Amino acid sequence: EEKMIEWLDAGTIELFQPLHNPVLTVIMKFFTTIGEGGAVWILAAVLLLLFKKTRKAGIILAGALVLCLLSCNIALKNLVARPRPCWRREDLEMLIAIPKDFSFPSGHTTASFAGAVCIFSWDRRWGIVAYVTAVLIAVSRLYFFVHYATDVLAGMVLGTCMAWISIKVVNKIMSNRTMKG
């Protein structure tokens, strides 16, 4: 089973190498950059928090991002301590800086899917834009050889779970406040 996962990961990531070209690299760099540290999702949370009408969505998104930071970047990456694919292939010409933290799960993908789920739960039209953005950020991590497919898949699942936890908790707290107030 472990060998099959390794085969899947190696095969999937190798599929992206022939796609490298200057135009696609610029596009993928854009998406990887806006996903760095969850930047685009933090910005979305701040913007949603600014207005009373969207504040609840902002709280949900901010909560999900905090859960992602704790579960992915602080806990799982260090517990699993999986080396990145680019650390194992010194022959590759890297198109972005080599990340210093571990590979599993993808933090970019975790935050992105948490962001997309939260935004979609608030507004379906913006949610579709968020999902497309999340997928492109996730694919960019494979394109740049900094994550395996299973890192990205785990990030999708983890981010989705953290979003749903945040949605449920914030809705419960706010409904309790409404009942008491």
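Ala, Val, Leu, Ile, Met, Phe, Trp, Tyr, Cys and Pro count as nonpolar here, Asp, Glu, Lys and Arg as charged, and the others, Gly among them, as polar. The model is a predicted one.

**Stop 1: the second largest pocket**

Select V40, W41, L43, A44, L47, L48, I119, W122, W126, V129, A130 and T133, the lining of the second largest pocket. By class, eleven of these residues are nonpolar, one is polar and none is charged. The space inside is about 300 Å³. Now colour by helix. α3 (39-50), α6 and α7 (124-143) each supply at least two lining residues. α3 gives the most, with six.

**Stop 2: the largest pocket**

Move to G35, E36, G37, N73 and H108. Among the 24 residues lining the largest pocket, these lie nearest its centre. The volume is about 420 Å³. The lining here holds eight nonpolar, ten polar and six charged residues. Show α2 (22-35), α4 and α6 (107-122): each of them supplies at least two residues of this lining. Which helix has the largest share of the lining? It is α4, with five residues.

**Stop 3: along α4**

Select residues 55-80. This is α4, 26 residues in length. From first C-alpha to last, α4 reaches 35 Å, close to the 38 Å expected at 1.5 Å a residue. Centre on L69. There α4 bends by about 25 degrees.

Next, pick out the buried residues of α4: A57, G58, I60, L61, A64, L65, C68, S71, C72 and K77. A lysine, K77, is on that list. Then step just past the end of the helix to A81. Its phi is positive, at about 50 degrees.

**Stop 4: the cysteines**

A disulfide needs two cysteine sulfur atoms within 2.5 Å.

Start with C68. The closest cysteine sulfur to its own is in C72, 7.2 Å away, so the two are too far apart for a bond. Go on to C86. Its closest cysteine sulfur is also in C72, but the distance is 16 Å, again too far for a bond.

Are C68 and C86 buried or exposed? The cut-off for buried is under 20% relative accessible area. C68 counts as buried because its relative accessibility is 3%. C86, at 4%, therefore counts as buried too.

Technical notes: Residues numbered from 1 in each chain as written. Predicted model: local features only at pLDDT ≥ 70, side-chain atom pairs only at ≥ 80, totals over all residues. Heavy atoms only, no water. Helix = DSSP H or I, 4+ residues; strand = E, 2+ residues; numbered from the N terminus. Expected span 1.5 Å × (residues − 1). Bend = angle between axes of the 7 residues up to and from the residue. Buried < 20%, exposed > 50% of the residue type's maximum accessible area, 1.4 Å probe, protein only. 1 Å grid on protein atoms, 1.4 Å probe; cavity = no way out; pocket = protein on both sides within 12 Å on 5 of 7 lines; lining within 4 Å. Points joined across faces, edges and corners; volume = space filled by probe spheres on them.
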